[in-house]
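Me: Please examine the structure shown below and answer a series of questions on its helices, cores and individual residues.

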Amino acid sequence: MKKIYFVGAGGIGMAALERYYLSQGYKVAGYDRTPSKLTAALQDEGVTISFDDSMDAVPVEFRDPLTTEVVYTPAIPSDNIPLSFFRDNGFSLLKRAAVLGNITRASKGICFAGTHGKTTTSSMAAHILHCGPTGCNAFLGGILRNYGSNLLLQPQSPYSVIEADEYDRSFHHLAPYVAVITATDPDHLDIYGTEEAYLESFAHFTELIKPGGKLLVHTGLKLIPRQPDSVNLYTYSRDRGDFHAENIRRGNGSITFDFIYPGGAIRDIELGVPVEINIDNAVAALAAVWLTGDLDADSARQAMASFMGPERRFQFHLKEKGADGRAIIDDYAHHPDELKQSIASVKALYPDRKLTVAFQPHLYSRTRDFAPQFAEALSSADSVILLDIYPARELPIEGVTSSIIFDRIKCDDKVMISKEDFVKTVKNRNFEILLTAGAGDINLFLPKLCDELPDRKA
């Protein structure tokens with residue numbers, strides 16, 4: 001089969017596979033609900049994408065089950081018209097995760113799982129390998145700013161770096177060579193129902209590691225791994241475990257540390273994105289590559305110093321010079337623990353400045369399940385701007401609005417707005433440091449905000 005049709009073609013994880021199959025000479029087409037910057041880029045690269053869910057929009061050459069394979073994402077409703085047609089007419093249908101699983105079975109998969117941190121850590125590991133002699137193929141959950149893509153290709157490399165998504169138990173399709181678990185704070189309770197079921201899903205993930213493989217787990221997690229007997233277990237964190245950081249130095253906008261591994265160290269690792277949480281992330285990425293046996297000290301230093309991060313992970317949109325210069329930082333934080341760490345990292349970076357946090361809740365179900373925790377995280381800011389819920393794949397839930405977070409926020413300076421009023425509201429608040437957070441579309445308003453800021457300095 002040399003034709004692949006993607007249902008949900010605009011998803012970030014799907015985009016990496018579309019680019020991969022294009023590189024392999026396949027014809028690629030697909031459907032998504034709405035156009036975006038990413039779908040436009042994919043179209044420019046050769047993917048035929050329609051935004052009409054009727055069968056008329058599916059190219060005729062992709063309607064033959066003998067020549068076309070269909071890849072879909074669980075975020076697509078089961079009654080989607082093209083998906084129903086493919087299902088009812090004998091097409092080979094694969095979840096996105098199953099395709100990634102096939103890739104891990106044909107290579108040495110380095111798979112990063114966790115409630116949060118997996119996009120940054122997998123991107124760091126991919127960049128480390130790419131800068132080294134062995135290279136890798138990487139299928140990432142964010143656009144890596146060093147490359148302008150979420151796909152890295154090195155056909156001769158034995159390694160595939162993959163973000164292992166726990167949503168809908170997708171990571172159960174994988175067969176890791178090295179498995180990394182960054183966090184197991186409960187999430188996706190619309191799928192799992194309970195924290196116990198969520199933890200059980202991660203425990204099952206550890207059972208899937210290939211014989212002779214490695215498991216790397218952050219210290220202190222509420223998780224009992226069940227890796228095969230031939231798989232070695234290692235731990236990591238910022239300050240303890242088999243892998244950790246020592247001699248952490250902060251100053252002049254930089255963070256440098258020594259990476260400690262069993263039996264040795266790599267001195268003077270400097271972070272290209274110098275925020276506190278990236279110490280943990282860097283230790284995880286360096287450790288994962290060390291476990292392959294292909295970590296080169298000099299190229300690792302160069303990689304970490306040059307790492308720009310994925311888009312929307314502590315991405316600066318404005319960074320004015322001087323002690324009173326304003327800054328705008330965007331972060332994808334959409335879980336309470338992520339939001340708490342994101343706010344803490346920015347406050348550590350600018351300890352003497354007023355921090356305004358603009359947060360766009362993502363999903364009605366997540367807002368319902370974690371409203372008190374979101375409010376607690378936001379209460380540590382000096383000023384809060386709370387937007388309406390970004391629904392993504394969900395329909396509204398009765399009684400669930402941003403107000404169930406807003407009413408619990410203890411910060412005195414707080415306001416709740418619609419996203420259409422975001423630019424006007426921020427311009428009128430005379431902010432010093434602005435952190436925008438959430439997995440929705442709040443970031444799309446930042447170019448307009450930066451253009452319209454009064455007295456903007458270079």
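**Burial, packing and backbone**

Reply: Cys 136 is buried, with a relative accessible area of 0%. This value, like those that follow, comes from a predicted model.

Me: How far from Cys 136 is the nearest cysteine sulfur?

Reply: The structure holds 0 disulfides. Cys 136 is accordingly in no disulfide. A disulfide would require two sulfur atoms within 2.5 Å. The nearest cysteine sulfur belongs to Cys 131, at a distance of 9.6 Å.

Me: Is Cys 450 buried or exposed?

Reply: Buried residues have under 20% relative accessible area. The relative accessible area of Cys 450 is 5%, so Cys 450 is buried.

Me: What distance separates the end C-alpha atoms of helix α5?

Reply: Helix α5 covers residues 118-131, which makes 14 residues. At 1.5 Å a residue, α5 should span 20 Å. The model agrees with this expectation, as the end C-alpha atoms of α5 are apart by 20 Å.

Me: Against which elements do the buried residues of α5 pack?

Reply: Of the 14 residues of α5, 12 are buried, so the helix is largely enclosed by the rest of the structure. Among these buried residues are Lys 118, Ser 122, Met 124, His 127 and Leu 129. The elements they pack against are β6 (108-113), β7 (137-144), β8 (149-152), β9 (159-164), α8 (277-292) and α9 (297-306).

Me: Which element gives the largest share of the largest nonpolar core?

Reply: The largest nonpolar core has 73 residues, and those touching the most other members include Val 161, Phe 243, Leu 339 and Leu 378. The largest share of this core amounts to 11 residues and comes from α8.

Me: How many residues make up the second, separate core?

Reply: This second core includes Val 71, Ile 103, Phe 139 and Ala 203.

Me: How are α1 and α2 oriented to each other?

Reply: The axes of α1 (residues 12-23) and α2 (residues 37-45) come within 11 Å. In α1, Ile 12, Ala 15, Glu 18, Arg 19 and Leu 22 meet Leu 38, Ala 41, Leu 42 and Glu 45 of α2. The axes cross at roughly 5°. Angles under 35 degrees count as roughly parallel, and the two helices are therefore roughly parallel.

Me: Which residues does Thr 73 touch, not counting residues up to four places away in sequence?

Reply: Thr 73 lies in the loop between β4 (68-72) and α3 (81-88). Its relative accessibility is 14%, so Thr 73 counts as buried. Beyond four places in sequence, the residues that Thr 73 touches are Val 7, Gly 8 and Met 14.

Me: What is the phi of Asp 268?

Reply: Asp 268 has its place in strand β15 (residues 264-270). With 41% relative accessibility, Asp 268 counts as partly exposed. Although Asp 268 is not a glycine, its phi is positive, at about 60°.

Me: Is Arg 312 buried or exposed?

Reply: Arg 312 is found in the loop between α9 and β16 (315-319). Phi of Arg 312 is positive, near 75°, in a residue other than glycine. The relative accessibility of Arg 312 is 9%, so Arg 312 counts as buried.

Me: How far apart in space are Ile 343 and Val 60?

Reply: Ile 343 is found in helix α10 (residues 336-349) and is buried, with a relative accessible area of 0%. Among the residues that Ile 343 touches are Leu 355, Val 357, Leu 378 and Leu 435. Ile 343 and Val 60 are 283 residues apart in sequence, and their C-alpha to C-alpha distance in space is 50 Å.

How values were computed. Residues numbered from 1 in each chain as written. Predicted model: local features only at pLDDT ≥ 70, side-chain atom pairs only at ≥ 80, totals over all residues. Heavy atoms only, no water. Helix = DSSP H or I, 4+ residues; strand = E, 2+ residues; numbered from the N terminus. Expected span 1.5 Å × (residues − 1). Buried < 20%, exposed > 50% of the residue type's maximum accessible area, 1.4 Å probe, protein only. Contact = heavy atoms within 4.5 Å. Core = buried A, V, L, I, M, F, W, Y, C linked by side-chain atoms within 4.5 Å. Axes fitted to C-alpha atoms, helices over the stretch in contact; angles between N-to-C directions. Parallel < 35°, antiparallel > 145°, perpendicular 65-115°, else oblique.
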